[in-house]
Amino acid sequence: MIDTVIVTLVQIAVLLVGLLAAVAYLVLLERKVQAWVQVRLGPMRVGYHGILQPVADILKLVIKEDITPARADKWIYTLSPIIVLVPALIVFAVIPFGTSVTLLGVTIPLYISDLNVGLLYITAVASLGVYGLILGGWSSNSKYPLLASLRASAQLISYEVAVTMTLVSMILMAGTLSMVGIVEAQRAFQLPFSGRTGLWFIFAQPVAFFIYFVGGLAETNRAPFDLPEAEQELVGGFHTEYSGMRFALFFLAEYANMIVISAVATTLFLGGWLRPFPNVAWLGFLDWVPGWAWFIVKTFAFLWVFLWVRATLPRYRYDQLMRLGWKFLIPLAIANVMVTAALVVLL
Amino acid sequence: MQIERSATQFDTDELVINMGPQHPSTHGVLRLVLRLDGERVVDADVVIGYLHRGIEKLSENRDWTQIVLLTDRMDYVAAATNNLGYCETVEKLLQLEVPRRARYIRTILSELQRLASHLVWLGTHAMDIGAVTVFLYCLRERELILDLFEEYCGARLTYNSMRVGGLPIDLPPGWDRKVREICDIVDAKVVEYEQLLTQNRIWLERTREVGVISGVEAVAMGFCGPPLRASGVARDVRKDEPYAAYAEFAFDIPIGARGDTYDRYLVRLEEIRQSTRIVRQALDGLPEGPVLGKVPRLIKPPAGETYHAIEAPKGELGFFIVSDGKSISPYRFRVRPPSFCNLQVLPRLVRGHLVADVVALIGTIDIVLGEVDR
Amino acid sequence: MDQPAAPKPPSAPSPPAEPAGAPPAPTAAPAPAPATAAAAPSTPVAADAAPTPRPAPARPPAARPEAKAGAARPEPKAPPPPPGPPDPPPPADVAAPSFITALQAAFPGVGTVTYWVGDWTVIVPADRLIEVGRWLRDTSETAFDYCADLTAVDWPMRAPERFDLVYCLYSVPHRFRLRLKVRLADQAEAPSVTGLWPAANWFEREVFDMFGIRFTGHPDLRRILMPEEWQGHPQRKDYPLEGPGELLLEDPQEWLKLRNAAREADFD
């Protein structure tokens with residue numbers, strides 16, 4: 001009993017450290033990828049090719065002066081970044097990085113908890129982040145952040161509907177809400193017209209993947225849906241008035257959300273810790289790569305596409321964004337659920 | 001915000017928002033005071049004058065050759081065009097003949113400036129709408145053109161590259177070969193920009209039907225340059241009143257159909273292609289000869305006044321110069337800047353659109369505050 | 001030169017204002033170079049002492065002492081200020097274009113036609129301006145639908161009609177260019193042509209800002225380039241190049257406070 005507690009604590013510690021480091025280095029990766037697309041180099045000076053840039057950034061944000069606007073609501077002003085960041089981190093409690101690993105004779109599962117309602121937990125917790133956004137903009141007591149936070153909250157709520165519909169289709173496919181169960185379902189998936197087993201759900205549900213991807217871009221306020229923080233229009237969006245550590249928390253929360261979306265997409269669509277082509281026997285030699293390595297590679301690929309899209313596409317206007325969410329994605333998601341349900345029953 | 005003000009907060013009064021003069025996308029020190037009803041713009045008031053340096057009054061105290069330096073600083077993105085307009089106006093007053101070689105080289109410089117200016121426009125416009133990468137790509141090509149200018153006249157931004165009567169210096173050896181290479185590069189890159197933007201659904205949604213203005217209204221309101229041509233009016237000073245060596249080259253004027261932001265974008269892209277076409281023709285036919293005509297040692301045009309216009313990248317750049325025949329400075333030096341005239345149409349364009357479109361519309365008019373304020 | 005010597009700073013040996021553009025010595029009087037016969041009789045503020053602005057005159061040609069090696073030259077006479085634009089009539093061998101003949105037929109005896117280096121100008125009286133402008137815009141043979149420029153020129157020696165309002169018109173269908181000139185006295189108001197050509201809106205604002213000419217019927221006549229509470233009209237010939245001088249530079253902090261108090265933006 002004590003060792004499960006200790007094991008869990010070790011898991012949490014490793015996860016938090018790894019996650020925060022990953023978030024920090026994701027910022028650097030974004031700057032580098034954007035730079036390479038834009039025919040330049042990105043940060044190069046701090047450390048070898050800029051590898052210590054996140055350290056410099058965090059240090060800078062921590063030592064900055066902490067400014068609170070005179071008429072801001074002090075408590076909520078301080079709480080908002082926390083309300084945004086914490087849900088993004090605790091979602092990782094149910095995300096499975098692999099099956100388990102044995103260290104020093106102790107079997108450590110590569111997930112903190114295998115909740116049997118894991119997917120529901122994720123949806124619920126992730127929606128809490130929206131509160132922080134709204135409260136942050138409102139508590140700044142300033143025109144621009146208010147406008148931006150209203151826009152951002154409307155955007156997030158709209159796209160959450162579409163994304164949740166997609167998750168419903170995945171639940172229908174897998175038959176379970178548990179994240180580990182969904183990966184297992186992908187391994188055990190019976191291909192309809194041949195005897196083989198094992199298929200990433202992206203091939204079975206391409207429409208759902210597309211909706212999830214677009215919705216994921218919108219949920220994290222990434223281009224082309226980054227109007228709430230478009231500097232060109234509203235200066236800084238909902239975090240205009242924030243500086244120093246509070247701003248750092250907002251910043252980290254955005255990138256942590258990106259990693260959440262990617263990790264969930266990897267688990268649901270890209271087979272979690274399964275190797276590519278789990279149904280093809282002669283590729284079994286790929287099994288020497290551990291599952292968690294596959295997981296990280298797939299998450300990374302997803303994140304890369306996020307960064308790539310930001311460097312390439314222009315930005316949607318607000319009304320076009322809402323129209324896309326409500327008039328295109330939601331009907332498509334509903335149709336997908338119905339078709340999935342029919343096929344699951346028939347096949 | 002205290003709770004007791006909540007009654008006024010949910011009022012449907014208009015919100016007044018101030019954009020600028022320091023703002024990431026007003027392209028200089030421009031101030032817009034917008035009255036919004038929710039997200040829709042009810043009215044816009046454009047406040048300029050933050051970059052007013054009194055070039056017109058200064059010119060009354062400088063002699064005719066020194067004013068070329070001042071004209072550089074107006075449209076600083078396309079400085080050689082301002083030089084050309086001014087020098088041609090004074091040459092008109094003096095009834096001076098410019099050697100043929102000088103006219104050809106002036107045309108080449110002018111068209112290279114059009115390329116440079118449109119590249120900056122495309123980069124900043126795309127960046128305002130969100131496609132950040134295009135900005136870096138366009139500036140990469142603009143660097144090549146600036147290197148050309150640096151090799152010719154020693155400066156990258158304010159050239160002082162022309163004199164009344166021609167040019168101060170001849171082309172350096174090998175310059176024309178470099179220009180040809182750069183024309184090829186720009187033509188290839190324009191294809192890339194088109195691939196990124198022209199058929200991009202998001203770009204189309206952001207620029208189609210945004211800021212529509214009809215040809216008749218555009219002429220009445222004073223539009224000039226690519227925005228006027230995008231509204232369907234076939235007006236280009238290079239074709240209507242040819243100057244420099246434009247009469248000797250074959251080129252087309254792109255005309256738009258609908259007069260919205262997308263058409264203005266297409267017109268300017270096509271102008272880039274036509275500019276490279278003109279530069280190649282000019283290089284092919286470049287005659288030998290002097291580059292400076294017979295200019296009196298002290299320039300003193302006889303008493304009189306004239307108005308002369310050229311087609312700057314932003315529109316019709318006109319100079320109204322009055323000489324009193326005795327002084328070594330002009331009596332009155334007036335610039336008619338295209339950006340000034342185009343900017344006054346902005347409130348009309350912006351009415352009824354969303355806040356996000358305001359930025360797109362400022363970009364599509366293509367203003368340079370140095371020119372607007374002088 | 002029968003000037004009062006007082007306003008004239010020491011000139012030829014060490015001219016305070018080089019043509020190379022160095023600003024005049026701050027201790028000298030605000031205006032550069034020798035004052036001309038300028039204490040213009042028409043302007044009431046003329047031959048006063050230092051604080052009032054003085055005419056910014058034309059520069060004498062060879063003011064540099066190093067121009068002629070060593071030879072002591074008599075101080076050059078500044079050219080007298082010009083009395084007004086020459087406005088020459090068209091020479092006999094130049095045929096008047098169709099829009100000129102049509103205009104003369106439609107408004108016989110109204111305007112004076114002048115011609116210089118290929119440009120045609122018609123000088124009309126201020127009260128006929130709108131009528132002539134409307135005719136030029138609406139008649140299909142002339143169709144001057146584009147107001148390319150609207151500016152003013154200050155001829156203080158030509159009192160009382162001090163200003164020349166210049167309207168540069170262009171016809172897009174026919175590619176004609178025409179200038180209309182109106183002579184205006186100092187406090188007179190000109191009719192606004194924004195009803196005919198909306199493009200003239202900002203042009204007229206700039207003329208008002210720079211010259212002080214008011215336009216009746218303009219929808220929004222206020223300063224455009226200078227700050228709104230600025231006094232004086234910079235482009236007038238009696239406005240010094242360096243600005244109003246010690247009046248404003250007395251205490252820049254005061255001026256800033258005054259300006260910011262008027263412009264408190266509502267940023268709640």
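Visitor: Which residues of helix 2 (residues 129–138) of chain C are buried?

Guide: This is a predicted model, and in it C:Leu129, C:Val132, C:Gly133 and C:Leu136 are the buried residues of that helix. Viewed down the axis of helix 2 of chain C, the buried residues fall within an arc of 100°, so they line one face of the helix.

Visitor: What covers the buried residues of helix 2 of chain C?

Guide: The cover includes helix 1 (98–106) of chain C, together with strand 2 (119–124), strand 4 (163–170), strand 5 (177–184) and strand 6 (189–191) of that chain.

Visitor: What ipTM and pTM does the predictor give the complex?

Guide: The ipTM is 0.88 and the pTM is 0.82.

Visitor: How many residues of chain B are in contact with chain C?

Guide: There are 46 such residues in chain B, and they meet 38 residues of chain C. Several elements of chain B each supply at least two residues to this side, including strand 1 (15–19), helix 4 (79–94) and strand 5 (315–323). Strand 4 of chain B gives the most, with five residues.

Visitor: How do strand 1 and strand 2 of chain A run, and how many bridges join them?

Guide: Strand 1 (residues 100–103) and strand 2 (residues 106–109) of chain A run antiparallel and are joined by four bridges. A:Leu103 has A:Val106, in strand 2 of chain A, as its bridge partner. The hairpin of these strands has two residues between them, and A:Leu104 takes a positive phi near 55° there.

Visitor: Why does A:Thr312 count as partly exposed?

Guide: A residue is partly exposed when its count of C-beta neighbours lies between the limits for exposed and buried, 12 or fewer and 20 or more within 10 Å. A:Thr312 counts as partly exposed because it has 17 C-beta neighbours inside 10 Å. A:Thr312 belongs to helix 11 (residues 291–312) of chain A. Its C-alpha atom is separated by 9.4 Å from that of A:Gln38, 274 residues apart along the chain.

How values were computed
Residues are numbered from 1 along each chain as its sequence is written. Chains are lettered from A and ligands numbered from 1 in the order in which they are written. This is a predicted model: local features need pLDDT of at least 70, side-chain atom pairs count only at pLDDT 80 or more; totals for chains, interfaces and linings use all residues. Two residues are in contact if their C-beta atoms, placed from the backbone, lie within 7 Å. The arc is that of the directions from the helix axis to the C-beta atoms. Two strands pair if DSSP finds at least two bridges between them.
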